[in-house]
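User: Hey, can you walk me through the strands in this one? I'd like to know what pairs with what.

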Amino acid sequence: MDVGARLKAIRKMKGLSQRELAKRAGVTNSTISMIEKNSVSPSVSSLKKVLSGIPMSLVDFFSLEVEHDSQRKVIYRADELLDIGSGEVTMKLVGTGHPNRAFAFLNETYPPGSDTGTDMLNHEGEEAGTVVSGRLEVTVNGEAYILETGDSYYFDSSQPHRFRNPFDEPCLLISATTPANF
């Protein structure tokens, strides 16, 4: 993928000059120019910082498609879902091409022994999910809960949280988060 050309196209689509985007993102004009010319290959964190000036998430940046007609995509086949997980955990995002999503809807798989990392997560918004199969340990605000198949959760995402599968079988989780910053 041509990151530079994509950034330039999206910047222009949003009606921003290089100078305005640089100002909004807190970077120099030359940073935007070098990325757009592919003189440099930005790190994920650098690109995320630049995109904060649009504002746009990394997922939206990489999955945005210019629609040639007014119909929005309705069906997302299994092989079309974008995996935004890390390590052994898969988090397949539904609706990546849908502009201005209000929430992120995920199909997650936690193999035995996997987790979201040793650091607790916290961010703006809310999260909810249901265990479709297997079991999952969910820690929220220092309290660990074991969820069985059919169990669900709902919490304020600003509370420190973590997901972990210390069990011998994979766990399939369907979840939703707000805002849609994935």
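Predicted model: local features only at pLDDT ≥ 70, side-chain atom pairs only at ≥ 80, totals over all residues.

User: Okay, what's the strand order in the open sheet?

Analyst: The order is β6-β5-β8, so written for an open sheet of 3 strands with antiparallel pairing.

User: And which are the edge strands?

Analyst: Those are β6, residues 143-147, and β8, residues 161-164; each of them pairs on one side only.

User: How much are neighbouring strands turned against each other there?

Analyst: By 20° on average, with direction ignored.

User: How many bridges between β5 and β6?

Analyst: There are 5 bridges, and β5, which covers residues 136-140, pairs with β6 in the antiparallel sense. To give you one spot to look at, Glu-137 stands opposite Ile-146 in β6.

User: Switching topic: which strands pair with β9?

Analyst: Among them are β3 and β4. Strand β3, residues 104-110, runs antiparallel to β9 over 7 bridges. Strand β4, residues 126-133, is also antiparallel to β9 and is joined to it by 7 bridges.

User: Where should I look to see those pairings? Say, what is opposite Ile-174?

Analyst: Asn-107 stands opposite Ile-174 of β9.

User: Which residues of β9 are on its covered face?

Analyst: Cys-171, Leu-173, Ser-175 and Thr-177 make up the covered face of β9, residues 171-178. The uncovered face has Leu-172, Ile-174, Ala-176 and Thr-178.

Conventions:
Residues numbered from 1 in each chain as written. Heavy atoms only, no water. Pairing = 2+ DSSP bridges. Helix = DSSP H or I, 4+ residues; strand = E, 2+ residues; numbered from the N terminus. Axes fitted to C-alpha atoms, helices over the stretch in contact; angles between N-to-C directions. Buried < 20%, exposed > 50% of the residue type's maximum accessible area, 1.4 Å probe, protein only.
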